[in-house]
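Subject: Structure handover

Hello,

I am passing a structure on to you.

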Amino acid sequence: MMRDGQAATIRLQDYRAPAFLVEDVALDVDLRDQGSQVSATLALRRNTAAGAQDGDCVLNGVGLTLVSIAVDGEALSASRYDYDGEVLVIRDLPSACRLDTVVTIEPQDNTALEGLYVSKGMFCTQCEAEGFRRITFFPDRPDVLSRFVTTLRADKARYPVLLSNGNPVAQGEEGGRHWVRWEDPFPKPCYLFALVAGDLACLEDRYRTGSGREVSLRIYAEPRDLDKLDHAMASLKASMAWDEKTYGLEYDLDIYMIVAVSHFNMGAMENKGLNIFNTACVLAHPRTTTDAGFQRVEAVVAHEYFHNWSGNRVTCRDWFQLSLKEGFTVFRDQSFSADMNSAAVKRVEDVDMLRTVQFAEDRGPMAHPVRPAEYQKIDNFYTVTIYEKGAELVRMQYNLLGPETFRRGTDLYFSRFDGQAVTTDDFVACMEEAGGVDLGQFRRWYSQAGTPQLTVSDDWDGSTYTLTLKQQTPPTPGQPDKMPLLVPVALALLGPDGRALPLDDSGATHTVLALSEAEQQWQFSLPHRPVPSLLRGFSAPVELDYPYSTGQLRFLLAHDDDGYCRWDAAQRLYHAAIRRLIADPEQAEQEAADLVPALEQVLARAVDDPAEAALLLAVPGEVAAGDQLPQMDVVGVHRARSALVAALGRGLAPQWWAQVEACVVPGPYRPEARDIGLRSLRHRALGFLAAAGDARVAEFLVTLCSTADNMTDELGALRLLCHFRLPGAEAVLSGFAERWQEEDLVMDQWFAAQASVPGADTVDRVEALLAHPAFDFRVPNRVRALLGTFAGANPTAFHASAGQGYQLYTRCLGQLDQVNPQVAARMANACARLPRLPAEPAGQLSRALQGLLARSVSANLREVLERILAASR
């Protein structure tokens, strides 16, 4: 790994097609405990179509020990090539040839979890984005698509299962060792290569496609986890059926495999025919997995399966186009989850995450476009901007074109570019062609960073209602000047009875305003001054500024039929109350009393959709509330929010207890939408009661922890006991750890629950947990659970007044960087709010980050730290 140096900047404008293509690859991987050997045969062909008539052949290869190299069967002399540890340059190659290389690698020592590595005795791979170069020499870029044949060799007793991409075509034994050959008939970029070798149990099922093909479905995990795979299998089959129905896309191989891996940098990887999953995204059981965990498994299984077409069959030309596959596939998995559950609730959950996390990224030092113009380490650009904001760009095209036209566009996209590596412009061009529209201005969404600010004003003269919309995108690093975007603003105008008024002679009550200039006006003939329902369904990823009165927000919460607008109205009411309480903390009871009538209406309708009620009753978290202020006020936000929640707990105590009783789910656990909603509403009610210090709630939660038959109830009770430091919390924590010490994913939640407890003394708690025998810097899930929660979700601890939270965190980042630079760099993003801190904590955090940067750090971490510090100067 590159240390104590800055990686070269890669720019989109410098893209050049590869000089050599690789038509076929034959790999022979001999897996050993100490030093594995990889023999590779590449069928090279000069890319004359791209104008490459001469020049050297350049192959990537990081940390490989070269044993031999030959061209067309003849050993290559040392004068014909150079290898510097990262790049192999071969001179004077013919226009077509066979290149044979043999290298040795050390997967058992690979803690970065890129390329080939070992997780709990299992060999596995992660090649996206640039991991394949750590396995063998290859042009490691997504626009080189090759057919792979892979032979795996290993000790049969220790590694009875040998898996790779495609279909198995041959196998055999050699003494105590065995081998299996896999052939993938579809050309793919090397980032989709995968192999697994281990002693694994398998859950197997079958799926018949719409055309009648039988597909074998296999999900592998450690034998002890076999009973946790049923939900993933059901989700996979549902995903396959949904993709056939919605997009007309069938699976194309004979076998579809998923493998659960404990050590994994991301959520999952869509390797062709052999998905490798973080255990947190595939294992699910009522006793060990929360409702949110079940929903995450369903969504991630769908996401990776959908990649078979939107990412594998059609892939991205270069890594600047990453959102081509990720943004489109996130949109697809969000649509799937909406169809499987409550569409309104799913949309609000997605928007909440976008507004809390992605909007913060857009306004901070790490802001970048959905299609970046440059990067140093592509690993640092697997971000919410690429994924979630990219999905919003696809959603806007879907809404602009309509479902039928959008489907024609995706049909055209998949048929035209099957087996190719293309760009976001190619995707948009298909939408234009299918819809007969010009999306030239819309393309700016891909190249322009930042969250547009949408300012709305209105006037009614007694008969004409005038709506004025203005857009402006603030400067972002490297992009001081912004151009107007095409912003679709979904609109309804509500009359005094709460119904949407007709907007024109056709009687239409809903419309989409296409804001394409810096300022535009629309007029409507109306008999009443309406309450505008703006940005319905969150029709564009913008920040809305409209001077809603408290009465208008209550009206929208009570009457609007758009789930997003109802939720947004509730959030605006909460945010306004918190801001007033920061200025005057003594008014908590009055603020709560003002909110009570609106919340009583929500509770009265809770029986219809308990999941939505739970969302409407969710007071914004401290991070989200702090982001609403011009400058962070950690103490003020904590004090104000805590006082508001406690006052609401007291003011509605009988109603909260009524919900606790009414929301008991009868019968065995089911991860179904209504049951999930009931549990969510019940725990929301318990949260208000715990905040209020209700005399009965601590005993109730302690009992719930010991009697719950599902992890949602048990963990929910544990979190509340810890967060509010209620009597019995420490004993319950000890019992929880003793009960679940063998379940890694449950113990992750145990660490996270403690790291989230508000207060500066949690710094000492986290320090102690770092020394716990179950904590390991080599396990990304455990690191994210403890340190990610501490820095990303606990402002009063991370920003402790003496700066001890910063010191602890930067010290840990340095340790983590020595083990796993990719994860360390992502974790460093928790410091990206530095420019918004008051002077004293900003100075403390700056000095801590500068001290870390002065050490020998990886190129991944250096890029993030330098951007954060540059923005704070």
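Below is what was found, arranged by topic.

Please keep in mind throughout that this is a predicted model.

The core

The largest nonpolar core has 295 residues, and the members that touch the most others are I90, Y413, L787 and F790. The helix that gives the most to this core is α10 (residues 563-583), with 10 residues. In general, nonpolar side chains in soluble globular proteins tend to be buried together.

Around I90, contacts beyond four places in sequence are made with D56, C57, L59, I69, L76, R80, Y81 and L99.

Residue A698

A698 sits in helix α17 (residues 697-707). Its relative accessible area is 12%, and buried means under 20%, so A698 counts as buried. Apart from neighbours within four places in sequence, A698 is in contact with L721, L726 and P727. Between A698 and A154 there are 544 residues in sequence, and their C-alpha atoms are 54 Å apart in space.

Helices α3 and α4

A pair of packed helices is described by the angle between the axes and the distance between them. For α3 (residues 322-340) and α4 (residues 343-362), the angle is about 140 degrees and the axes are 7 Å apart. The crossing of α3 past α4 is right-handed. On the α3 side the residues that meet the other helix are Q334, S337 and A338, and on the α4 side they are A343, K346 and D350.

Salt bridges

How many salt bridges does the structure hold? The count is 69, and the ones below are among them.

R147 and D24 form one, with 3.1 Å between the closest N and O atoms. R147 belongs to strand β12 (residues 146-155) and D24 to strand β2 (residues 20-30), so this pair ties together parts 123 residues apart in sequence. R147 is partly exposed at 37% relative accessible area, and D24 is partly exposed at 32%.

Another salt bridge joins the side chains of R134 and E114, at 4.0 Å from N to O. This pair links distant parts of the chain, 20 residues apart: R134 is in the loop between β11 (122-126) and β12, and E114 is in the loop between β9 (96-105) and β10 (115-119). Here R134 is partly exposed, with a relative accessible area of 24%, whereas E114 counts as buried at 10%.

R725 and D761 also meet through their side chains in a salt bridge, at 2.8 Å from N to O. R725 lies in the loop between α18 (711-723) and α19 (729-740), and D761 in the loop between α20 (744-755) and α21, so placed that the pair links distant parts of the chain, 36 residues apart. R725 counts as partly exposed at 46% relative accessibility, and D761 likewise at 41%.

Finally, a network of salt bridges links R224, D225, D227, K228 and E743.

Backbone details

Most residues other than glycine have a negative phi, and most peptide bonds are trans. The following places depart from that.

The peptide bond joining E128 and A129 is cis, with omega about 5 degrees. A129 is in the loop between β11 and β12.

D72 has a positive phi, near 50 degrees, and is not a glycine. D72 is in the loop between β5 (65-71) and β6 (74-75) and is partly exposed, with a relative accessible area of 46%.

K120, again a residue other than glycine, has a positive phi near 50 degrees. K120 is in the loop between β10 and β11, where K120 is partly exposed at 48% relative accessible area.

Regards

How values were computed. Residues numbered from 1 in each chain as written. Predicted model: local features only at pLDDT ≥ 70, side-chain atom pairs only at ≥ 80, totals over all residues. Heavy atoms only, no water. Core = buried A, V, L, I, M, F, W, Y, C linked by side-chain atoms within 4.5 Å. Buried < 20%, exposed > 50% of the residue type's maximum accessible area, 1.4 Å probe, protein only. Helix = DSSP H or I, 4+ residues; strand = E, 2+ residues; numbered from the N terminus. Contact = heavy atoms within 4.5 Å. Axes fitted to C-alpha atoms, helices over the stretch in contact; angles between N-to-C directions. Left-handed = near helix turned anticlockwise from the far one by under 90°.
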